[in-house]
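Subject: Structure handover, salt bridges

Hello,

I am passing on the structure below for your files. My notes on its salt bridges follow.

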Amino acid sequence: MADETVAAVHVVARRSLASSHAKLTTHIVDFAALGALPPVDEAYLALGTTIKVAGSQSAFRAVDFDANLAVACAAQVAGASHLGLVSAMGADAHSSIFYNRVKGELEEALSGLGFAGLVIARPSMLAGDRAALGQPVRSGEQLAVRLSRWLRPLIPADFRSIAARDVAGALLHEVPVAVGKKVLLSGAMQQR
């Protein structure tokens, strides 16, 4: 919203956002019955859950695959030629791990839509203030993030925890100018 070249930001979400801005319009939607989106040039997908929060693998897939794909298709119809996705380290459509397989299947589906530019961010463990965003706090994750900060010099860059704002910043930088498909691993997104 601080970018002067951006006239408006439209957010489609399951619930209201805590922030407001003159450029920001939030659309509370049912992703299973997503309607038309306003005209857009680029779109960013950061919708996700966990199997524990979703309650089942099928409910997880409905969010992490179906809802993201629905938004991407609607954004393309609304004029988006560039797309950014927050995926996950280890995303692979052929993985035996369900979470990684769903993330990889989404990446493949988005790759087939024909966007002029597609940027896929595959962060390692995301670090940030989940409580401030109204998201469930995961004590094991908090401990792992603290430990990874202490061990940072010993952990390869692509496996280090990464601030959510660094992932967002990398996508905001790369998506508007992307040509074809580009995958960003955590090491390439880390603030230096």
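E174 and K182 form a salt bridge through their side chains, with an N to O distance of 2.9 Å. Please keep in mind that this is a predicted model. E174 has a relative accessible area of 18%, so it counts as buried, the cut-off being under 20%. K182 is partly exposed, at 35% relative accessibility.

In total, four salt bridges were counted. Two others are described here.

One of them joins D64 and K103, whose side chains meet with N and O 2.5 Å apart. The two residues are 39 residues apart and the pair links distant parts of the chain: D64 sits in helix α2 (residues 57-77), and K103 in helix α3 (residues 98-111). How accessible is D64, buried or exposed? D64 is buried, with a relative accessibility of 0%. K103 is buried as well, at a relative accessible area of 7%.

Another salt bridge is formed by R122 and E107, with 2.5 Å between the closest N and O atoms. R122 belongs to strand β5 (residues 117-122) while E107 belongs to helix α3, so this pair ties together parts that are 15 residues apart in sequence. Both R122 and E107 are buried.

Regards

Methods
Residues are numbered from 1 along each chain as its sequence is written. This is a predicted model: local features need pLDDT of at least 70, side-chain atom pairs count only at pLDDT 80 or more; totals for chains, interfaces and linings use all residues. Side-chain values use heavy atoms; hydrogens and water are left out. Helices (H or I, at least four residues) and strands (E, at least two) are DSSP runs, numbered from the N terminus. Buried means under 20% relative accessible area, exposed over 50%, partly exposed in between (1.4 Å probe, protein chains only).
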